[in-house]
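Please look over the structure below with its chains side by side.

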There are 4 protein chains.
Amino acid sequence: MAKEIQTIGVLTSGGDAPGMNAAIRAVVRQAISKGKKVKGIRRGYTGLLAEDIVDMEAKDVSDIIQRGGTILQTARCPEFRTEEGQKLGAEMCRKHGIEGIIVIGGDGSFRGAQKLAAQGINTIGIPGTIDLDISCTDYTIGFDTAVNTAMEAIDKIRDTASSHERCSIIEVMGRDAGYIALWCGLANGAEQVLIPEKYDFDEQKIVNNIIANRKRGKRHYIIINAEGIGHSTSLARRIEAATGMETRATILGHMQRGGSPTCKDRVYASTMGAYAVDLLCEGKSNRVVAYKDGKFTDFDVDEALAMEKQISDYQFNVGKNLSI
Amino acid sequence: MAKEIQTIGVLTSGGDAPGMNAAIRAVVRQAISKGKKVKGIRRGYTGLLAEDIVDMEAKDVSDIIQRGGTILQTARCPEFRTEEGQKLGAEMCRKHGIEGIIVIGGDGSFRGAQKLAAQGINTIGIPGTIDLDISCTDYTIGFDTAVNTAMEAIDKIRDTASSHERCSIIEVMGRDAGYIALWCGLANGAEQVLIPEKYDFDEQKIVNNIIANRKRGKRHYIIINAEGIGHSTSLARRIEAATGMETRATILGHMQRGGSPTCKDRVYASTMGAYAVDLLCEGKSNRVVAYKDGKFTDFDVDEALAMEKQISDYQFNVGKNLSI
Amino acid sequence: MAKEIQTIGVLTSGGDAPGMNAAIRAVVRQAISKGKKVKGIRRGYTGLLAEDIVDMEAKDVSDIIQRGGTILQTARCPEFRTEEGQKLGAEMCRKHGIEGIIVIGGDGSFRGAQKLAAQGINTIGIPGTIDLDISCTDYTIGFDTAVNTAMEAIDKIRDTASSHERCSIIEVMGRDAGYIALWCGLANGAEQVLIPEKYDFDEQKIVNNIIANRKRGKRHYIIINAEGIGHSTSLARRIEAATGMETRATILGHMQRGGSPTCKDRVYASTMGAYAVDLLCEGKSNRVVAYKDGKFTDFDVDEALAMEKQISDYQFNVGKNLSI
Amino acid sequence: MAKEIQTIGVLTSGGDAPGMNAAIRAVVRQAISKGKKVKGIRRGYTGLLAEDIVDMEAKDVSDIIQRGGTILQTARCPEFRTEEGQKLGAEMCRKHGIEGIIVIGGDGSFRGAQKLAAQGINTIGIPGTIDLDISCTDYTIGFDTAVNTAMEAIDKIRDTASSHERCSIIEVMGRDAGYIALWCGLANGAEQVLIPEKYDFDEQKIVNNIIANRKRGKRHYIIINAEGIGHSTSLARRIEAATGMETRATILGHMQRGGSPTCKDRVYASTMGAYAVDLLCEGKSNRVVAYKDGKFTDFDVDEALAMEKQISDYQFNVGKNLSI
């Protein structure tokens with residue numbers, strides 16, 4: 001049997017997400033509680049190549065579980081897409097005694113981890129993205145916080161839309177995925193949700209619907225528009241012209257990436273961080289931690305990246321029924 | 001095949017929980033979108049017996065999804081535990097044309113629904129309690145909001161505990177269940193969590209641990225105590241006496257039951273409300289809606305009430321490892 | 001001595017602001033506690049002309065103090081700028097027995113009140129605007145809530161700006177006034193604040209400053225830009241081009257107008273509402289309620305509209321000193 | 001003319017309050033921007049005597065403006081009440097080159113500063129307490145945050161009180177002062193406020209009022225009780241017995257001392273911190289910074305401690321009128 005791992009590296013990569021600090025804290029403390037050493041790699045793969053690597057003790061992650069962002073920072077690293085970059089990365093790990101790395105990020109970050117694993121460094125991925133667009137898992141770090149941030153902002157916009165009898169279009173994040181939009185649609189009682197996965201919307205129908213709603217005495221009309229559809233400002237202009245109802249677009253933007261994580265994000269990110277350390281200690285590599293069918297589990301990275309995910313038709317239709 | 005149901009009743013029973021309004025709204029609008037009539041029964045079974053019953057239209061549930069509490073109110077009803085009460089309840093349903101009732105509440109409320117079903121009224125239960133103590137489901141309406149409310153309060157207490165180098169004992173709700181305490185323990189990075197399900201705590205060990213932590217320079221010591229254990233104030237006195245560290249107890253109390261529901265509570269409560277209507281429309285009775293193994297599903301009430309539920313050993317131990 | 005007023009009207013006009021509901025509630029209940037009748041006029045002067053007028057009892061304002069928006073709604077009314085409109089307004093008041101009107105809004109709304117007063121209807125203005133741009137008063141309803149909403153959003157943006165080492169430009173509301181921007185600049189520890197009142201900014205200096213800060217190891221650069229300056233997106237593009245630092249603009253938009261009011265907004269709006277009723281009961285007209293030099297007081301509208309207000313040089317300079 | 005001060009000390013003393021970190025940050029950066037050195041004294045006067053003194057640079061106060069508590073911590077120091085302690089304190093200042101000290105705290109802390117001034121060390125006080133019980137100033141650091149924290153908790157309690165038709169007694173902080181209770185009474189629309197400054201309450205009247213309110217259909221009855229009156233639990237028992245209405249007491253406790261400061265607390269605390277540095281640089285001593293009649297100003301400590309403060313009768317009565 002292989003010698004057990006002694007030193008674990010941890011990095012955050014891709015877009016940051018609330019709860020990443022909880023995961024970092026869990027990695028550090030779970031590892032220390034098992035007698036391991038931990039090295040923090042700053043600014044993702046960029047910092048690995050640049051040897052931006054620091055020792056981490058239990059106290060270095062004190063008082064961070066409640067903070068947004070990532071204390072290890074994050075960055076994009078085009079160089080790491082080349083084989084040369086990947087070899088250098090593995091070399092840096094060996095130079096610093098890092099036998100296994102935990103990578104907190106999205107699909108792109110896991111592809112980087114795959115390459116490192118191919119170079120002989122054990123790697124475990126933890127799904128961290130507000131977009132929820134990782135197929136193997138029902139949970140990704142940051143989604144719960146982001147969707148609450150968006151929802152609270154939309155609650156406020158609804159107050160003023162209602163006072164002024166306005167139509168409001170709110171564009172939420174999610175890249176090519178519509179999860180944040182779908183959840184906000186339900187949670188904010190939106191009249192309309194536009195998401196890339198169900199791109200069947202008919203602008204004339206929306207216009208007719210707005211006019212009909214207004215006649216029935218509804219005081220506002222809320223449209224949640226996913227980032228993957230975009231063009232909220234021009235849509236607002238067209239709707240105002242066609243309906244005569246004052247229409248305003250808000251693009252919520254980067255606030256959705258920050259803020260103190262919710263309880264679920266802290267608890268699940270902590271559990272995933274500990275779970276990833278356990279996997280490395282069992283000698284596992286090239287795997288990604290997941291929460292699937294109500295349980296924390298793990299998948300082979302290749303398998304995970306090949307999975308597909310679908311928006312629930314049931315929830316999408318419930319949203320429609322409830323918006324009457 | 002039986003004639004399809006035409007009129008649906010809905011009530012909330014037992015302790016209120018944030019998200020109950022989202023479920024009521026979903027019941028009303030899903031039913032209306034399927035061409036049904038809806039009657040709201042106020043103050044739980046008490047209102048049923050007292051004929052406190054109102055017609056509900058789509059607009060009656062406008063602008064409530066974001067509100068805490070329950071617009072239908074709730075109450076305890078000892079009379080409904082008698083067979084006489086149950087017969088009267090069924091009679092009232094028939095008098096008002098209610099063929100099926102959706103009961104939002106906990107185990108006690110489901111037992112009432114069972115009795116109504118035995119009297120010939122179709123019943124569907126929706127799990128609504130902040131305590132998460134319903135065995136057949138991984139989700140109950142209100143838990144997510146309650147645990148975030150508690151966590152945010154504890155974050156604040158930690159600030160001042162840290163400024164003054166105090167020990168703080170915070171008692172959270174949950175009746176006989178320790179879920180809120182367990183989650184807050186992880187989410188707030190508490191040094192110690194006391195829950196009824198793992199009642200192995202040794203006060204002397206805690207005292208020793210506080211003294212050891214203080215020597216290592218930790219600025220505060222947070223103990224989350226579950227309602228099911230209680231006695232926070234006397235525990236605080238004993239710890240202060242034994243450690244010399246200033247110790248304060250806070251009993252968070254009823255604020256944990258209120259507040260605008262989180263996104264998850266709004267989305268899941270809405271989905272469960274719609275799902276319950278669908279079950280009634282399919283002619284089902286004596287069932288409880290659940291979220292289990294990552295899916296919305298339903299169980300026979302008798303079966304559901306006989307299930308058992310356990311705190312995850314893994315998460316409990318992760319909490320211990322991370323509190324170093 | 002004139003016969004005492006018996007019936008009081010109340011309306012909200014111009015942009016809505018959190019706390020307006022608290023003021024409406026106070027008007028209604030203070031009036032009722034003094035034995036008066038109250039009529040609510042919906043949608044501002046528009047509703048007055050359209051006779052959209054309802055009787056208001058104490059219970060009609062139950063459970064609204066904590067809500068954003070205005071239950072009376074608001075609208076712009078170009079017709080009321082004509083003498084014809086003003087005469088019709090006064091006529092409507094007389095038709096409905098309204099002897100005095102309380103107008104909650106900004107300078108434009110007070111000008112409307114002036115005209116009504118000239119037509120023989122007693123009028124009292126209450127300053128309601130998130131922009132704080134009413135010269136006679138140090139407090140306007142909604143500013144405190146708006147500035148906290150903006151600050152909390154910027155706190156979140158700062159988290160992610162820090163993780164990614166970005167420059168963030170956040171555009172906050174305020175029309176031609178820079179108060180929200182100035183306060184957020186101080187409260188969020190922004191590196192730069194751009195406000196119309198101190199329009200001395202030199203883009204090259206900002207660029208140099210960003211480059212210098214980066215060299216000194218600062219992880220982010222936050223610029224708060226007032227609505228009155230605008231053009232945040234193009235500014236972001238120019239800064240990114242000149243500094244090489246990734247730069248993103250967020251326009252916070254309408255969320256700043258909504259949300260549950262802060263304690264100060266509830267307390268001050270309530271006090272002003274009661275105070276306005278007292279003025280009407282004393283036979284006063286053509287006055288505006290104010291909070292000035294630490295006291296609730298009132299001014300003649302003509303006098304109030306002629307006053308000028310200045311951004312504090314001291315606070316502006318403190319902001320600069322603290323951003324090092 | 002005296003030589004200008006070169007080195008400034010800063011400490012926080014007494015109970016902590018949200019916004020103290022903003023004041024510390026402002027002291028450090030305003031001083032540095034004027035070319036001064038700053039020394040942070042940890043744990044109040046206790047740390048001064050124990051030489052727990054650290055150099056502070058601009059970056060040491062980065063990223064703290066948004067945090068509750070005080071990074072310098074605080075403690076009580078009985079030793080500093082003796083002349084011996086005061087002489088030792090002055091000696092420590094001289095040993096560390098501290099020519100002037102800024103003391104952030106309440107009246108007790110200012111008395112300490114007075115003594116230090118008598119020993120030849122220049123001192124400036126900044127009012128920091130959530131209780132607002134400092135007579136010379138209309139603003140104290142932390143009150144605005146505390147009152148919002150309490151209000152938000154009470155909003156939540158109101159939700160559940162309304163669902164269950166309960167009477168709720170909420171005890172808020174404030175020591176012998178009723179400001180937090182008075183503000184929450186108005187902001188939460190409480191039916192009754194009990195404060196030490198207006199201790200005229202008649203329990204039988206409250207009981208009668210509850211019974212009358214219930215008959216009129218009010219769904220809940222909220223009593224805000226000030227810490228200075230206390231005994232909330234026994235009051236709840238007596239009210240329940242006398243009215244038959246289920247009655248629950250909540251003692252909000254230490255959460256009111258923590259949490260991220262509001263915008264006002266950050267802005268005013270920052271301004272006061274800068275202002276205190278300016279005073280020391282002008283050679284002033286034995287003064288306390290204040291916000292009075294709408295302006296930042298300063299008073300002689302002896303004069304400030306002799307002032308008296310009164311609860312506004314007008315606001316107290318408005319609260320009564322609006323609770324109908």
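**Cysteines, interface and a strand residue**

A:C136 has a relative accessibility of 1% and therefore counts as buried, where buried means under 20% relative accessible area, exposed means over 50%, and partly exposed lies in between (1.4 Å probe, protein chains only). This is a predicted model, in which local features need pLDDT of at least 70 and side-chain atom pairs count only at pLDDT 80 or more, while totals for chains, interfaces and linings use all residues. Residues are numbered from 1 along each chain as its sequence is written, chains are lettered from A and ligands numbered from 1 in the order in which they are written, and side-chain values use heavy atoms, with hydrogens and water left out.

A:C263 is likewise buried, at 0% relative accessibility. The closest cysteine sulfur to that of A:C263 belongs to B:C184 and is 5.2 Å away, which is too far for a bond. Over all chains, a search of the whole structure finds zero disulfides, a disulfide being a pair of cysteine sulfur atoms within 2.5 Å.

How much area do chain A and chain B bury between them? The figure is about 3,800 Å², with 57% of it on carbon and sulfur atoms; buried area here is the accessible area (1.4 Å probe) that two parts lose on being put together, summed over both. A:C263, together with A:Y314 and A:L322, supplies 17% of the area that chain A buries against chain B, more than any other three residues. The contact, meaning heavy atoms within 4.5 Å, takes 46 residues from chain A and 46 residues from chain B.

In one salt bridge, the side chain of B:R266 meets that of A:D155 at 2.7 Å, N to O. On the side of chain A that touches chain B, two or more residues come from each of several elements, including α5 (143-164), α9 (263-281) and α11 (313-322) of chain A; helices (H or I, at least four residues) and strands (E, at least two) are DSSP runs, numbered from the N terminus. The element that gives the most to this side is α9(A), with ten residues.

Finally, B:T123 lies in strand β5 (residues 122-129) of chain B. B:T123 is buried, with a relative accessible area of 1%. Leaving aside neighbours within four places in sequence, B:T123 is in contact with residues including B:I101, B:L116 and B:R287.

Terms used:
Salt bridge = Lys/Arg side-chain N within 4 Å of Asp/Glu carboxyl O.
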